[in-house]
Amino acid sequence: MTDRSQIRDAAGECGRAGPRRHRREAPVHIRARRRVGRRGEQGQVLAIVALLILIITGFAAISIDAGMDYAQSRQDTDTSGAAALAGAYWAVDHPSSTAGASLLGLYTAEVNAATVDGCNTGQCHAPMVTVGSSTYSVAELWTTTAFAAGSSPSIYVGSAGTCSTSASGTFAVGTCPAVSSIQDVGAPVSDKTTDDFAAIVGGHPVTLDPNAVAAVTGTGGGATSTNPTMACEICVFGSVQMNGTGDTLQAGGGSIDVAGYVWFDTGGASVKTTNSFGIDVDGSPQYSSAGVYVGGSSDVVNASGALGIDHGLTFNSTGSTVEGASANISGTVTGATGNTVSSYGTTSTAAFTDPMASTAVPSYTAGTTSCGAVTVSSSSTTSGCVTVTGNPATSATLASGIYTSILTEIPTTMSPAEFGSLTVQSNLTFNAGTYVSDGTGIDVNSTGVTLSGTGLTFYMTCGSGTSPVSCGTWTASTTSCASTTSGSSVDFGGSTTLNLQGPTGTNPVLFFFDRCNRNSNAFFVNASGLTAGSGYPTGMLYAHSGGVYLNASTSSLPSPLLVGSIYYNSSSIVLGTSTGAVALPSGSSGPGNLVN
Amino acid sequence: MTELALCLPLLLLFSVSAIGVGYAEETANDLATVVQDGARYASLDPASYGCTGGATATNCSASTIQGVIQAEANSVNASAGGVTLANYNCLWSGSASPPALAGSPASPATPTNASGSCMTIAYYASNASGTAACAYYQTATSAFTNVNSGTCTATSSTSTPVYVEVIVAVAQSATGNPVVVLMSGLHITPLMTRSYSMEVAP
């Protein structure tokens with residue numbers, strides 16, 4: 001009976017319940033050995049496990065201590081790096097070539113940087129170099145030769161800004177090198193590990209002394225300029241004034257550069273760029289002594305790239321934002337409370353000048369035929385410079401010549417010509433070439449008109465309808481058109497589709513307003529705006545002294561846009577696109593080559 | 001049998017804990033790299049913060065501070081899938097000012113966003129009484145708020161230094177740490193946090 005029960009136990013320990021006949025057949029010597037074995041091991045397992053747990057706990061303690069030591073070492077290394085960089089920043093920022101001056105600023109910069117990173121409390125000290133069993137509170141400099149692995153510093157800077165050639169030497173201001181000679185700056189850290197578990201059994205903390213070195217590069221004397229790259233898509237030689245709620249000036253194919261000021265008169269308006277292009281406002285302080293005046297609420301200046309503003313920034317309300325991927329604002333910032341302004345430097349932006357100032361005015365050959373005043377309508381017949389098709393006429397062509405005025409009431413195709421005025425009331429196709437206006441200019445005063453043609457330049461001069469007046473290249477003494485002969489303009493009085501393409505070549509100009517032409521309404525979008533046709537308008541709109549005046553939106557502007565001013569006269573007007581308007585003809589230079 | 005029953009849970013606990021602690025150490029080391037690189041970028045280009053995805057965005061543009069931090073977090077321990085960081089502010093809901101700069105993060109809030117992670121970017125300017133926050137990033141508006149306008153401009157390393165602090169925090173539950181499997185039953189979600197501060201280039 002006893003044997004049978006022991007056999008069952010043995011089978012149970014093996015984790016299986018075999019057939020009863022097998023248990024019944026188990027040999028007697030196996031049963032006996034198992035009884036002896038179980039009795040002989042009693043108590044030893046617990047002792048071994050207790051020992052193992054002790055060992056494992058010890059290993060765990062060592063691992064935790066080592067892990068914490070590593071983390072502390074990592075933190076000290078990072079702290080040393082931050083302090084060394086701060087010292088190098090100071091050296092860049094104070095590029096004196098005079099030797100023998102105090103370097104307290106450099107030392108202090110390292111101390112401050114280490115402190116804000118959590119050092120200089122407890123066991124951690126920086127800058128502090130460890131030499132043997134001694135420590136010295138000094139920053140390190142390399143002057144005669146650049147830092148190399150294992151090289152010693154040329155100079156040590158003590159806590160009083162004095163210098164010595166050894167950490168334990170005699171410090172004096174007179175031995176300090178010129179800042180301009182500093183090649184590298186070191187910021188040693190002295191710290192000790194905590195080793196909480198090791199301390200229980202009498203372990204000693206380990207010394208941590210990381211030492212980062214930062215190179216001094218740059219010219220010093222201030223922050224590196226972060227001015228926008230002047231690859232402008234919208235370039236304004238004067239100022240931008242936004243008088244309507246929700247007006248927008250935007251560019252996605254180049255930056256927005258304004259030589260004058262930007263004035264937000266109401267709320268919800270924006271000047272913005274995309275695709276990492278910047279905004280630069282040189283900011284002649286013509287209003288409220290500010291380069292940028294934000295008069296309304298929820299106005300936005302948002303540069304996808306760098307933002308630069310000269311002559312200050314003034315807010316007259318709250319809820320507006322002025323920001324850029326990086327920003328510099330020189331001058332006074334006032335009224336910022338309640339508004340958002342990017343963290344900014346104070347470096348002045350580079351002066352923005354006309355990149356086309358020395359570009360020659362367009363040359364042209366309009367012919368010598370005097371065509372007089374022409375009206376093209378269904379009742380027109382072929383005569384002089386006019387050739388019509390159909391009777392009544394359904395279309396017409398205009399020959400090259402000199403026109404005092406042109407009115408087109410039916411679809412018309414015209415060749416390069418000189419004209420005082422061109423009034424368009426039906427679709428008009430331009431043959432390739434240069435068109436010169438010496439009177440009031442082009443007036444599209446009907447809705448639904450399409451203007452088309454390739455290889456075009458429209459030269460809008462001053463004059464009175466008989467001969468162009470040009471200033472030639474721009475100089476500081478250039479005068480404007482005489483008061484009695486206002487410069488030619490391009491006036492879109494109705495919804496107009498532009499299928500106009502400029503010439504090929506470098507910096508193609510679609511609309512060239514003579515530099516004497518100071519018509520503030522030189523490019524006048526007056527009604528339902530402009531839309532792009534099958535091809536986006538290519539070639540720039542260049543009006544050094546003329547203005548763009550907007551009563552309606554236009555995303556279909558010729559681009560780049562180089563104009564004297566932009567004036568928004570109504571609300572919710574959008575000028576430009578966020579995707580970039582530039583699609584210059586093959587072989588021509590893009591705006592990136594235009595302004596640098 | 002009895003001894004095995006007693007010892008096995010302890011051995012398992014030690015084993016899993018060792019793995020968990022090691023895992024946490026690795027994450028901490030990764031995050032230390034992340035905050036250092038993030039702060040470095042933020043110190044050189046402090047206004048590059050234009051992430052448009054809001055607080056939950058995990059893929060801000062690589063040209064933004066947040067994007068650099070996220071990309072760095074994604075690249076560390078890449079074999080384990082990296083660490084996903086959301087553009088959620090660790091310290092504030094978006095209206096309060098940052099706490100004083102103390103060399104260590106000021107009790108980040110446990111991320112409540114889906115990925116259990118967050119980041120904080122704050123700038124501090126020096127004044128007579130020490131350092132005070134001057135600007136911080138608000139995820140709600142995707143913009144920086146100047147706390148003390150006009151003082152957050154780094155023009156000198158000593159007279160007007162500006163410092164940037166980057167804090168990141170990741171809920172261990174979001175990293176797959178096996179210890180959390182045990183702790184989750186106790187509703188414990190330990191937070192791994194690292195911060196780094198350095199001077200903004202003047």
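Between which two strands of chain A does the loop that holds A:S570 lie? In this predicted model, A:S570 sits in the loop between β39 (561–568) and β40 (574–575) of chain A. A:S570 is partly exposed, because 15 other C-beta atoms lie within 10 Å of its own, and a residue must have 20 or more such neighbours to count as buried. Apart from its neighbours within four places in sequence, A:S570 touches A:G244 and A:N551.

Chain A has an average pLDDT of 78, and 78% of its residues score at least 70. In two stretches of chain A, residues 30–37 and residues 219–230, pLDDT stays under 50. For residues 30–37 the model has five contacts beyond four places in sequence, and for residues 219–230 it has 38. Where pLDDT is low, the predicted coordinates should not be read in detail.

Strand β12 (residues 248–251) and strand β15 (residues 270–273) pair in the parallel sense over four bridges, and A:L249 stands opposite A:V271 of β15(A). Strand β15(A) is joined in turn to strand β18 (residues 300–309) of chain A by three bridges, again in a parallel arrangement. In that pairing, A:S270 is opposite A:V300 in β18(A). In a regular strand the side chains alternate between the two faces of the sheet.

Chain B contains three helices and five strands, and their order along the sequence is α-α-β-β-β-β-α-β. Of the 202 residues in chain B, 47% are buried. Among contacts in chain B with a separation of 6 or more, 67% are between residues 24 or more positions apart.

How are the axes of α4(A) and α1(B) placed, in angle and in distance? Helix α4 of chain A (residues 44–93) packs against α1(B) at an angle of about 5 degrees, and their axes are 11 Å apart. The two helices are therefore roughly parallel. Residues in this contact include A:V49, A:I53, A:I56 and A:A60 of α4(A), together with B:C7, B:L10, B:F14 and B:A18 of α1(B). An α-helix has 3.6 residues a turn, so residues three or four places apart point the same way.

The loop between α1 (2–44) and α2 (65–75) of chain B holds B:S48. B:S48 is buried, because 23 other C-beta atoms lie within 10 Å. Beyond its neighbours within four places in sequence, B:S48 is in contact with A:A325 and A:S326 of chain A, and with B:S63, B:T64 and B:I65 of chain B. B:S48 and B:Q66 are 18 residues apart in sequence, and 8.5 Å lies between their C-alpha atoms. Helix α2(B) is largely enclosed by the rest of the structure, because eight of its eleven residues are buried. B:I65, B:Q66 and B:G67 are among those buried residues.

Most residues other than glycine have a negative phi, and most peptide bonds are trans. A cis peptide bond joins A:A126 and A:P127, with omega about -5 degrees, and A:P127 belongs to the loop between α5 (104–116) and β1 (129–131) of chain A. A:N120, also in the loop between α5 and β1, has a positive phi near 60 degrees. A:N120 counts as partly exposed, because 19 C-beta neighbours lie inside 10 Å. Another cis bond leads from A:N391 to A:P392, with omega near 5 degrees; A:P392 is in the loop between β24 (386–389) and β25 (395–398) of chain A.

Key:
Residues numbered from 1 in each chain as written. Chains lettered and ligands numbered in written order. Predicted model: local features only at pLDDT ≥ 70, side-chain atom pairs only at ≥ 80, totals over all residues. Buried ≥ 20, exposed ≤ 12 C-beta atoms within 10 Å, placed from the backbone. Contact = placed C-beta atoms within 7 Å. pLDDT = per-residue confidence, 0-100. Pairing = 2+ DSSP bridges. Axes fitted to C-alpha atoms, helices over the stretch in contact; angles between N-to-C directions. Parallel < 35°, antiparallel > 145°, perpendicular 65-115°, else oblique.
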